[in-house]
Amino acid sequence: MKWSDNTTLTIVIIGAINWLLVGIFRFDLVAFLFGNLSWLSRIIYTVVGLCGLYLISMYGRIRSSAE
């Protein structure tokens, strides 16, 4: 995998852990660290979302490399 794939995968995993904390404990780590919907936390949420969208492309790349 490329460096960008590893980086985006790491960011999405961190975002998934944040959602796990929200779902189980109602604790939003990003809001706790950077403020509730501050400009910085909104940037972090946006980056995590964009990384998730980028990782959708991995399905096609995984399938094509397996053939």
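Biologist: What radius of gyration does the protein have, and what would a compact globule of 67 residues have?

Modeller: In this predicted model, the protein has a radius of gyration of 14 Å, whereas a compact globule of 67 residues would have one near 11 Å. Along its principal axes, the C-alpha trace spans about 45 × 25 × 15 Å.

Biologist: Which pattern does the protein follow along the sequence?

Modeller: The pattern is α-α-α-α. The protein contains four helices and zero strands.

Biologist: Which residues make the contact of α1 with α3?

Modeller: On α1, the contact is made by S4, D5, T8, L9, I11, V12, G15 and N18. On α3, it is made by Y45, V47, V48, C51, G52, Y54 and L55.

Biologist: How do the residues of this contact divide into nonpolar, polar and charged?

Modeller: Nine are nonpolar, five are polar and one is charged.

Biologist: Why does S41 count as buried?

Modeller: S41, which is found in helix α3, has a relative accessibility of 0%. Buried means under 20%, so S41 counts as buried. Not counting residues up to four places away in sequence, S41 touches V30, F34, G35 and N36.

Biologist: What makes L37 buried or exposed?

Modeller: L37 has a relative accessible area of 58%. The term exposed applies over 50%, and L37 is therefore exposed. L37 lies in the loop between α2, residues 29–34, and α3. Leaving aside neighbours within four places in sequence, L37 is in contact with R42 and Y45.

Biologist: How far apart are L37 and L50 in sequence and in space?

Modeller: L37 and L50 are 13 residues apart in sequence and 17 Å apart in space, C-alpha to C-alpha.

Biologist: What percentage of the 67 residues in the protein is buried?

Modeller: Buried residues make up 15% of the 67 residues.

Biologist: Of the contacts with a separation of 6 or more, what percentage joins residues 24 or more positions apart?

Modeller: Residues 24 or more positions apart account for 51% of those contacts.

Note on methods
Residues numbered from 1 in each chain as written. Predicted model: local features only at pLDDT ≥ 70, side-chain atom pairs only at ≥ 80, totals over all residues. Heavy atoms only, no water. Contact = heavy atoms within 4.5 Å. Helix = DSSP H or I, 4+ residues; strand = E, 2+ residues; numbered from the N terminus. Nonpolar A, V, L, I, M, F, W, Y, C, P; charged D, E, K, R; others polar. Rg over C-alpha atoms; globule rule 2.2 N^0.38 Å. Buried < 20%, exposed > 50% of the residue type's maximum accessible area, 1.4 Å probe, protein only.
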